[in-house]
Amino acid sequence: MVLNMAGNEKTNLPVSMNASISTALRPQGASTGGGALSSKKLNIALLCDSYLPMIDGVIMITDQYAKMLSQKANVFVAVPRVKKGYDDNQHPYKIIRCKSFKLFFIDYHCPRPNADRRFKKFLKEADIDIIHIHSPFFIGKMGIKIAHEKNIPVVATMHSQFKQDFKRAVKSSWLANILTHSIIKTFNACDEVWAVNEGTQEILKDYGYKKPAYVMRSGTDMLPQDKAASKKKIYETHGIDHQTPMLLFVGRINLMKNILFIADALKILKDRGFDYKMIYIGSGQDTDSLAAHIKKLDLQDNVILAGKIMDRVLLSKYYAAAALTLFPSIYDTDGIVKYEGASQHTPTVLIEGITAAIDIEDGVNGYVSKPTAEDFAQKIKEILTDPKTYAQVCENVFNNLYKTWPERLNEIYDRYLYLIEQHKIKTSPAAAKTVNELN
């Protein structure tokens, strides 16, 4: 299978959407002419080591990038193959999958790109202007190799706190440091690394990454829903009394997301006579552990495990119906749930001091709690018993955090243009001659 990625096609978008690169996007002192490239329809490859129908933050961001960029570019996504039954043709962009095998101890498929000749042949033959890797492992490393062979730029986004992952998996700080160093070597092979916020920039520095990372924030595809109508629908679906506040968790059902911590806080609220209904949305390897913990705490009447919801409009209605989104993960570099909740005027409660809470001012555009179940429970109670402040925070979170992917589109696309131009300058014969003369 060969995808025709031929470029040189004029876009039908407004002139303003095809404007040359904004000066604000360039690093200090940098300049670029844009020129003919800014009017050429780019060929963009997005690579990730996991993908739909699995759902997590990285996957959803990659999917949103592809949908959004398809409006003004030729886009394909290269990801692992999954079990039959998922229709890749439902997306407005091309999906290319490589051989993989199911990892039974976690809920992912492990890609085997080097064992898939068809997949490698496709990447080698495809007309690509820039490669963007969203994970620095199997497919990501192949993407870097292909980019170097094609002499095109490759950019990576740092989505995760890899050292935490490694420590949890190998139970050794020494080995985790070695594995983290390998990740940094992969990032160093890229033209640029993007951080999802300033906190992630600091994590990259702590890992030993020496170059400046570019902050490229996330957005959401969700549009505001009618809160009253959404609440009526969701409450009727689950038989919730209309006076009972609904709390919401959306994400992978994985212990590293602090899902049991939420249940512990809920138990404290229940014991103190505070009425609520909690809904967990998502699937994952620790669903049984969560269900057992809920039963142990006698929370079956207070907690609903709703499973995975793929319908984005329906999911937005859950956010609209919720009083609060709970996101106590200390693992994530960012949380797209903040932006999804913000789209529906629903604030998020996070743990203070974590990277994902770097843009949250407690009681202004969201809430932060100390990292104990006692404090988390007390924070929830305080929020929902102060309706005046809560109403203002709901308004602030919408105005301050809600950004749609179309609003991010120009910055992302223009940064690609900038990196392509800079790569051409770096690899030009004149630049090579200068390097040789310096040596």
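Helix H9 (residues 287–296) lies across S11 and S12, running at about 165° to S12. Helices here are DSSP runs of H or I with at least four residues, strands are runs of E with at least two, and both are numbered from the N terminus. The angle is taken between N-to-C directions on a scale from 0 to 180 degrees, using axes fitted to C-alpha atoms, for helices over the stretch in contact; contact means heavy atoms within 4.5 Å.

Keep in mind that you're looking at a predicted model, where local features need pLDDT of at least 70 and side-chain atom pairs count only at pLDDT 80 or more, while totals for chains, interfaces and linings use all residues. Residues are numbered from 1 along each chain as its sequence is written, and side-chain values use heavy atoms, with hydrogens and water left out.

Now for the strands under that helix's name. Strand S11 (residues 277–281) runs parallel to S12, and four bridges join them; two strands pair if DSSP finds at least two bridges between them. Across this pairing, Tyr280 stands opposite Leu305 in S12. Both strands belong to an open sheet of six, with parallel pairing, in the order S12-S11-S10-S13-S14-S15. At its edges sit strand S12 (303–307) and strand S15 (367–369), each pairing on one side only. From one strand to the next, the twist averages 30°.

Is Pro371 buried or exposed? Pro371 counts as exposed because its relative accessibility is 55%, given that exposed means over 50%, buried under 20% and partly exposed in between (1.4 Å probe, protein chains only). Leaving out residues up to four places away in sequence, Pro371 touches Phe261 and Ile351.

Next, the inside. The largest nonpolar core has 101 residues, and Tyr280 and Met278 are among those with the most contacts inside it. Such a core is a set of buried Ala, Val, Leu, Ile, Met, Phe, Trp, Tyr and Cys residues joined through side-chain atoms within 4.5 Å. Helix H14 (residues 405–426) gives the most to this core, with nine residues. A second, separate core of 36 residues includes Phe119 and Ile184. Back at Met278, its contacts beyond four places in sequence include Leu247, Phe249, Ile262 and Val303.

Stepping back, the chain has 15 helices and 15 strands, and buried residues make up 53% of its 439 residues.
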